[in-house]
Amino acid sequence: MRYHFNFGDVLAYYPWLIKGTLLTLELIAVGGVLGIALGIFGAWARTSGPRALRAVFGAYVELIRNTPFLIQLFFIFFGLPSIGIQMTELEAASLAMVINLGAYSTEIIRAGVEAIPRGQIEAGQCLAMTRLQIFRHIILRPALQKIWPALSSQVVIVMLGSAACSQIAVEDLSFAANFIQSRNFRAFESYFIATGIYLVLAILLRQVMRGIGLMLFPAKVPR
Amino acid sequence: MNDFTLWDMARGLLLAARWTIALSLLAFIGGGAVGIFMLLLRTSRSRVLSLFARLYIELFQGTPLLMQLFITFFGLPLLGVDTTSWGAASLALTLWSSAFLAEIWRGCVDAVPRGQWEASASLAMNYLQQMRHVVLPQALRLAIAPTVGFSVQIIKGTALTSIIGFMEISKAGTIITNATFQPFTVYAMVAALYFILCWPLSRLAKHLERKLYVAHRH
């Protein structure tokens, strides 16, 4: 018996696919912005924060980077309610993404911060800049610029990882694929199409990150 | 109804950890073998082969591992192959890790100075001889640290195979949670178990990187 592919059956569910794609984009928009913000704070804490904060962020980074995203998600969504912290699926998924990307970007941005030559910071001190001004203008900007490509790839990786969020019933793109195949039993075709959409999203997201890089660091990012 | 002690939960998870380790090893070895092949294609002088390898890498790096697992799990039966979750999981993870390893190793091959290629070419070596005797031995040194680092990604990747029903730590965690209604404890234990598996490898990768970096700086 030969199998007859039927992609039309899946494409007929296009409103679900579009809705799922939009939710995946929403997740990565929230996760990306807040995750990088957390990463910037974490990099500051790890390099020039108080000693206690340094240790806390060190442990946080190691803990998150050495456990799977799926388990972080399950822990937040299924585990936390039993100690009284309730949230919706979407909140849990966003939180998990922020925490996950936060840990990776802390480590990536920290590498950039540590690559800033000491003399630059001393020059800033000579100009009577405050510590915050030094961090913002002398350390952070050049550091971000240096590690922007690595950070961009990490954002794409987290976006692809967000497919796991369908497991706590967040209605993202992979959830749409699951839903469609449960309706028409076209499992292969649904997942094939969803995978294609993810591929396009990944390529687009990389370009968007590049664009943001060019905007934030004009003329200095290699084109 | 039975009461689960902490030890009952831990024992269930530890037994399942054998499968996480087995699957990780298989994916690492299989991914390494396919990865070497893809590396040779990617760095070959033939533009067609190199383009093919680039598309392969882009495809696996640009799509979610979860979707790759689903496609393998539901796609193989269409080709007339009987799929088990074990077979689909090991195939998908092998292909996925091969793409990442090929790309990591390509970076290492690119880091070998151009002159080494030219010198070996002037000794009338062909492409495979150059790779085998001159470039790969040098690239290998650079490759050790990031390869160990990637093995952590493989172990974490195996967690997703629970979704297609492969019985490893995450799946065992879900089952035990359903039996005990103690998600907080169980998932904390699951996370701890992954941490125990991954953290030493992360440390090792960092240590190797530092050692290598010193050697490079002189």
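1. Read from the N terminus on, the elements of chain B run α-α-α-α-α-α-α-α, and the count for this chain is 8 helices and 0 strands. Helices (H or I, at least four residues) and strands (E, at least two) are here DSSP runs, numbered from the N terminus. Along the principal axes, the C-alpha atoms of chain B fill a box of roughly 75 × 50 × 25 Å.

2. Please keep in mind that this is a predicted model, in which local features need pLDDT of at least 70 and side-chain atom pairs count only at pLDDT 80 or more, while totals for chains, interfaces and linings use all residues. Residues are numbered from 1 along each chain as its sequence is written, and chains are lettered from A and ligands numbered from 1 in the order in which they are written.

3. In chain B, the axes of helix 1 (residues 6-42) and helix 2 (residues 47-61) come within 7 Å and cross at roughly 130 degrees; axes are lines fitted to C-alpha atoms, for helices over the stretch in contact, and angles run from 0 to 180 degrees between N-to-C directions. Helix 1 of chain B is therefore oblique to helix 2 of chain B, given that angles under 35 degrees count as roughly parallel, over 145 as roughly antiparallel, 65 to 115 as roughly perpendicular and the rest as oblique. Helix 1 of chain B contributes B:Met38, B:Leu41 and B:Arg42 to this contact, and among the residues from helix 2 of chain B are B:Leu49 and B:Phe52; two residues are in contact if their C-beta atoms, placed from the backbone, lie within 7 Å.

4. Helix 2 of chain B also packs with helix 4 (residues 85-111) of chain B, at an angle of about 120 degrees and with the axes 9 Å apart, which means that this pair, too, is oblique. The residues making the contact include B:Tyr56 and B:Phe60 of helix 2 of chain B, and B:Trp96 and B:Phe100 of helix 4 of chain B.

5. Turning to the two chains together, 31 residues of chain A are in contact with 29 residues of chain B. The largest share of the side of chain A that touches chain B, 10 residues, comes from helix 9 of chain A. By class, that side of chain A has 21 nonpolar, 8 polar and 2 charged residues, where Ala, Val, Leu, Ile, Met, Phe, Trp, Tyr, Cys and Pro count as nonpolar, Asp, Glu, Lys and Arg as charged, and the others, Gly among them, as polar.
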